[in-house]
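Hi,

Here is the model I said I would pass on.

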Amino acid sequence: MYPIDTQDGLFHDGNGINELGTVLPASWLNQVQAELIAILSAAGIKPEKATQNQVITAIKMLIASSTPAAATADVAGVTKIIDTLNSNDKLSALSARQGKALNDSKLDKGGNAVTASKLYKPCKINGLPFDGSQDINATPSGAVQYFAMDSAPVGWLKANGATISRTLYANLFAAIGTRFGAGDGKTTFNLPDLRGEFLRGWDDGRGVDTGRIFGDTQVDAIRNITGESEPLHVQTLGNIYNRNRGAFKSIECYLQRGSANQGSSNYLTVIGFDASLCVPTANENRPRNVTLLACIKI
């Protein structure tokens with residue numbers, strides 16, 4: 001509003017002798033009244049003669065109803081405080097508590113989390129859930145490995161032909177199906193049974209081991225050995241013995257000599273063949289080997 005129309009723009013009391021008091025013109029008083037009524041009108045308050053706190057009430061109402069605009073990236077205003085780390089609101093400020101949480105889990109100079117114990121968003125590695133809270137074996141389900149211990153490590157099962165759940169071991173079932181046994185035909189399936197077995201690479205159309213179905217078993221066998229024997233004169237055996245005693249001894253390891261033949265005591269008949277007289281034998285054909293535990297990845 002316009003100030004009082006005096007030389008210094010102030011009110012004066014005067015001294016009654018050489019200075020008069022400031023005269024309050026109607027125009028100035030009307031202006032003061034208009035300003036005050038304008039405040040009441042802005043707040044929607046009707047002026048009342050008997051009420052003396054209308055102006056302050058109006059001011060409070062106007063302040064309460066005048067909410068500042070929200071702050072933006074370019075304009076200052078009211079800023080919202082959030083207390084969470086997973087908000088996408090780019091116009092809100094982070095609370096001090098969440099700032100402390102960030103500080104407690106801050107990265108070191110190499111960019112590695114100091115105290116983080118798990119990933120915020122888990123992922124999968126080779127189909128296995130991974131959240132950073134524990135180690136996982138990224139070997140794919142269905143892989144077979146041998147271990148120098150008598151129990152299966154975590155994430156593996158003994159390849160012993162056991163019947164297991166299709167649901168509990170869904171990844172393994174998806175990998176091998178019922179190739180090694182269908183279990184009960186509905187809820188279970190079988191593991192391969194590799195106990196006591198040698199492994200052989202699948203022929204897969206090469207033609208070396210034809211007629212094989214993937215995952216089937218094969219009995220032991222050796223190449224066929226054929227021959228025949230005939231009566232040998234004692235003198236002939238003697239000549240062989242004298243010419244090469246070492247060779248004769250080697251032959252003797254395998255041959256079992258028997259009764260005379262051809263009507264004469266000068267002949268011997270070869271009647272048997274026994275490799276155990278010369279080399280180690282067993283109830284199977286096998287190379288030198290060592291036993292380890294065969295396991296399959298679940």
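How many bridges join strand 5 to strand 12, and in which sense do the two run? There are 4 bridges between them, and the strands run antiparallel. Before I go on, the ground rules: this is a predicted model, so local features need pLDDT of at least 70 and side-chain atom pairs count only at pLDDT 80 or more, while totals for chains, interfaces and linings use all residues. Residues are numbered from 1 along each chain as its sequence is written, and side-chain values use heavy atoms, with hydrogens and water left out.

The overall picture

The protein chain has 6 helices and 12 strands; these are DSSP runs numbered from the N terminus, helices being H or I with at least four residues and strands E with at least two. Buried residues make up 15% of the 298 residues in the chain. Here buried means under 20% relative accessible area, exposed means over 50%, and partly exposed is in between (1.4 Å probe, protein chains only). Looking at contacts (heavy atoms within 4.5 Å) between residues at least 6 apart in sequence, 41% join residues at least 24 apart.

Two strands count as paired if DSSP finds at least two bridges between them.

On the strand 6 side, the antiparallel pairing with strand 12 (residues 293-297) covers 3 bridges. Leu 157 stands opposite Ile 296, and Lys 158 stands opposite Cys 295.

Arg 166

Arg 166 sits in the loop between strand 7 (163-165) and helix 4 (170-176). It is buried yet has no salt bridge, and the nearest side chain of opposite charge, Asp 184, is 5.0 Å away. For charges, Lys and Arg count as positive and Asp and Glu as negative, with His and the chain ends not counted. A salt bridge is a side-chain nitrogen of Lys or Arg within 4 Å of a carboxyl oxygen of Asp or Glu.

A polar atom of the Arg 166 side chain does lie 3.4 Å from the backbone oxygen of Lys 186. Leaving out residues up to four places away in sequence, Arg 166 touches several others, including Phe 173, Thr 178, Lys 186 and Phe 189.

Salt bridges

The structure holds 6 salt bridges. Asp 209 is buried, with a relative accessible area of 9%. It forms a salt bridge with Arg 200, where the closest N and O atoms are 3.5 Å apart, and another with Arg 212 at 2.5 Å, N to O. Arg 212 counts as partly exposed at 22% relative accessibility.

Elsewhere, the side chains of Arg 286 and Glu 284 meet in a salt bridge of 3.0 Å, N to O. Both are partly exposed: Arg 286 has 48% relative accessibility and Glu 284 has 40%. Salt bridges that share partners join Arg 200, Asp 209, Arg 212 and Asp 216 into one network.

Most residues other than glycine have a negative phi. Asp 204, although not a glycine, has a positive phi of about 50°. Asp 204 lies in the loop between strand 8 (188-190) and strand 9 (232-233), and at 54% relative accessibility it counts as exposed.

Cheers

Technical notes:
Polar contact = N/O pair within 3.5 Å; in protein donor to acceptor, adjacent residues only side chain to side chain.
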